[in-house]
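Q: I have a chain open here and want a quick walk through it. Can we go piece by piece?

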Amino acid sequence: MWFLVRIFATTIDEALALVRAFQGRALALPQSLLIREMRHIDLPYVMGNENAAYDYPWTLNIMRGSLNGADACDVLELEGRIIGHCVVKMILDEPHLLNLCVHPDQQGQGLGRLALDAALKKASQ
């Protein structure tokens, strides 16, 4: 099964290498997954995921602060629906993961790992 992953400059070969990194575990990624920069209009959906996934979620003000600041904020979008997000802060030349969230209904599919890989790739550019 082929899937579409649009992540910055990621190629199908790089996506397949990520799949192989799961060391033989079955991984069925959704066909219409998009990882893109977070926008202010995404915040209600991002906060919905955050509240569903965590006992102690970030507040809207914290999330807004990261989005307005220099942090790299991305969302995972599946069929037009925001299902997760990732926030990375660069300190000098070192990326620091601040937040990684996948909605509980979508967990266990490798989406968090894919988001982390995309964030690290973006940070290294």
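**Loops, helices and cysteines**

A: Start with leucine 92, which lies in the loop between strand 4 and strand 5 (94–102). Keep in mind that this is a predicted model.

Q: What is the phi of leucine 92?

A: Phi of leucine 92 is positive, about 55 degrees, although the residue is not a glycine.

Q: Is leucine 92 buried or exposed?

A: Exposed. Its relative accessibility is 83%, and the cut-off for exposed is over 50%.

Q: Where does glutamate 79 sit?

A: Glutamate 79 is in the loop between strand 3 (72–78) and strand 4 (81–91). Its phi is near 50 degrees, a positive value in a residue other than glycine.

Q: And is glutamate 79 buried or exposed?

A: Glutamate 79 counts as exposed, at 69% relative accessibility.

Q: Step back a bit. How many helices and strands are there in the protein?

A: Four helices and five strands. Along the sequence, the pattern reads β-α-β-α-α-β-β-β-α.

Q: What share of the residues counts as buried?

A: 41% of the 125 residues.

Q: What about contacts between residues at least 6 apart in sequence?

A: Of those contacts, 62% join residues at least 24 apart.

Q: Now the helices. At what angle do helix 2 and helix 3 pack?

A: Helix 2 (residues 43–53) and helix 3 (residues 60–68) pack at about 125 degrees. Their axes are 11 Å apart. That angle makes helix 2 oblique to helix 3.

Q: Is the crossing of helix 2 and helix 3 left-handed or right-handed?

A: Right-handed.

Q: Which residues meet there?

A: From helix 2, Leu43, Val46, Met47 and Glu50. From helix 3, Leu60, Met63, Arg64 and Leu67. Sorted by type, the residues of this contact are six nonpolar, no polar and two charged.

Q: Tell me about methionine 47. Is it buried or exposed?

A: Methionine 47 is buried, because its relative accessible area is 9% and the cut-off for buried is under 20%. This residue lies in helix 2.

Q: What does methionine 47 touch?

A: Leaving out residues up to four places away in sequence, methionine 47 touches Trp58, Thr59, Leu60 and Met63.

Q: How is methionine 47 placed relative to glycine 84?

A: The two are 37 residues apart along the chain. Their C-alpha atoms are separated by 9.6 Å.

Q: Is cysteine 73 buried or exposed?

A: Buried, at 5% relative accessibility. Cysteine 101 also counts as buried, at 2%.

Q: Next, asparagine 99. Where is it?

A: Asparagine 99 is in strand 5. At 5% relative accessibility, asparagine 99 counts as buried.

Q: Which residues does asparagine 99 touch?

A: Glu50, Tyr54, Trp58, Met63, His85, Cys86 and Val87, not counting residues up to four places away in sequence.

Q: How far is asparagine 99 from tryptophan 58 in space?

A: 8.7 Å, C-alpha to C-alpha. In sequence, asparagine 99 and tryptophan 58 are 41 residues apart.

Q: And histidine 103, where is that found?

A: Histidine 103 is in the loop between strand 5 and helix 4 (111–123).

Q: A loop residue, then. Is histidine 103 buried or exposed?

A: Histidine 103 is buried, with a relative accessible area of 15%. Beyond residues up to four places away in sequence, histidine 103 touches Asn49, Ala52 and Ile83.

Q: How far apart in space are histidine 103 and isoleucine 83?

A: 5.4 Å, C-alpha to C-alpha. Along the sequence, histidine 103 and isoleucine 83 are 20 residues apart.

Q: Last one. Where is serine 32 found?

A: Serine 32 is in strand 2 (residues 32–37). At 29% relative accessibility, serine 32 counts as partly exposed.

Q: How far is serine 32 from glutamate 77?

A: Serine 32 and glutamate 77 are 8.2 Å apart in space, C-alpha to C-alpha, and 45 residues apart in sequence.

Terms used:
Residues numbered from 1 in each chain as written. Predicted model: local features only at pLDDT ≥ 70, side-chain atom pairs only at ≥ 80, totals over all residues. Heavy atoms only, no water. Axes fitted to C-alpha atoms, helices over the stretch in contact; angles between N-to-C directions. Helix = DSSP H or I, 4+ residues; strand = E, 2+ residues; numbered from the N terminus. Parallel < 35°, antiparallel > 145°, perpendicular 65-115°, else oblique. Left-handed = near helix turned anticlockwise from the far one by under 90°. Contact = heavy atoms within 4.5 Å. Nonpolar A, V, L, I, M, F, W, Y, C, P; charged D, E, K, R; others polar. Buried < 20%, exposed > 50% of the residue type's maximum accessible area, 1.4 Å probe, protein only.
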